[in-house]
Amino acid sequence: MIKAIVFDMDGTLVDSKDAVVTQLTDYSLKIGRQPLPRDQLVKLIGRTDRDIARTLVGDDEDLIEKTIAWFNESHEIYYGRLARLFPGVEQCLQLLRKKGYRLGIASNATAEIVRRFIKWSGLGNLVEATATADQVPGKPAPDMILKLVREFGAQPSEVVYVGDTVIDVMAGRAAGTIVAAVSCGVDPIDELENAKPDLLLPLASWLCRALRL
């Protein structure tokens, strides 16, 4: 019996490509560096903020920390203008909670960014718990998913993990959960198919259909 659903954030619950690409482009220009092409920036979505910062500024730890701090501080500006929840997300989460499922977010972003996302999105009354890459090792490691499994008092086999990248599928597999991949995010559908999730859905909101709610 499924007891809980854990979602990735960017690319799964929220269409944030334009927000993230614009944010990273602006930051590169701000520090006097040539921005990476859009397709390369899109591929960074879903990586840890530390990995993204290192890609932009190199291995200088002080500059990496300053970059992550800027990501945190500027998050709402870019999301407020350019990000949108995917169709049906809020309604599906409401239905899941009504049916008794416990809901969490496991994101490679920082806890501060996830906190700001929950506030911005209005999902605070639906999402019970979060786990982020500045608290435990980031995906594809299973740690953040397992952290939420424990918080929900469930077994991994009683949890569905929903993400939009091959990294997400790898993390869910390593955690031992049921794995659902959505094709609306970063990784193309053929790469997701090759990763062999248990479910492949066009949008996270289709999980409610898959669960026959």
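Mentor: Let's begin with overall size, bearing in mind that this is a predicted model. Along the principal axes, the C-alpha atoms fill a box of roughly 55 × 30 × 30 Å. Ten helices and eight strands make up the secondary structure. Of the 213 residues, 52% are buried. If you take contacts with a separation of 6 or more, 64% of them involve residues 24 or more positions apart. The accessible surface comes to about 9,500 Å², and carbon and sulfur atoms account for 50% of that.

Now for the cysteines. A disulfide is a covalent bond between the sulfur atoms of two cysteines. In this model the count is one, and the partners are Cys92 and Cys208, with sulfur atoms 2.2 Å apart. That pair qualifies because the cut-off is 2.5 Å between the sulfurs. The torsion about the S-S bond of Cys92 and Cys208 is about 105°, which means the disulfide is right-handed.

Where do Cys92 and Cys208 lie? Cys92 belongs to helix H5 (residues 89-98) and Cys208 to helix H10 (residues 207-210), so the bond ties together parts that are 116 residues apart in sequence. On the accessibility side, Cys92 has a relative accessible area of 5%, which makes it buried. Cys208 is buried as well, at 7%.

Then there's Cys184, which is in no disulfide. For Cys184, the nearest cysteine sulfur is that of Cys92, and it is 12 Å away. Cys184 still counts as buried, with 18% relative accessibility; the limit for that label is under 20%.

On to the charged pairs. Side chains of opposite charge can pair when their charged atoms come close. Searching the whole structure turns up 18 salt bridges, and a few of them are worth a look.

In helix H3 (residues 49-57), Arg54 and Asp51 are three residues apart, so about one helical turn separates them. Their side chains meet in a salt bridge, 3.6 Å from N to O. Arg54 is partly exposed, at 30% relative accessible area, and Asp51 is partly exposed too, at 36%.

Helix H4 (residues 61-82) has a pair of its own: Asp62 and Lys66 are four residues apart there, again about one helical turn. The closest N and O atoms of Asp62 and Lys66 are 3.3 Å apart. Asp62 counts as partly exposed, with a relative accessibility of 48%.

Look next at helix H6 (residues 111-121), where Glu112 and Arg116 are also four residues apart, with about one helical turn between them. Their side chains form a salt bridge at 2.7 Å, N to O. Glu112 is partly exposed at 26%, whereas Arg116 is buried at 17%.

Some salt bridges share partners, and in that way Arg50, Asp51, Arg54, Asp59, Glu61 and Glu65 are joined into one network. Asp51 and Arg54, the pair from helix H3, both belong to that network.

Terms used:
Residues are numbered from 1 along each chain as its sequence is written. This is a predicted model: local features need pLDDT of at least 70, side-chain atom pairs count only at pLDDT 80 or more; totals for chains, interfaces and linings use all residues. Side-chain values use heavy atoms; hydrogens and water are left out. Helices (H or I, at least four residues) and strands (E, at least two) are DSSP runs, numbered from the N terminus. Buried means under 20% relative accessible area, exposed over 50%, partly exposed in between (1.4 Å probe, protein chains only). A salt bridge is a side-chain nitrogen of Lys or Arg within 4 Å of a carboxyl oxygen of Asp or Glu. Contact means heavy atoms within 4.5 Å. Accessible areas come from the Shrake-Rupley method with a 1.4 Å probe; for residues, only the protein chains shown count as cover.
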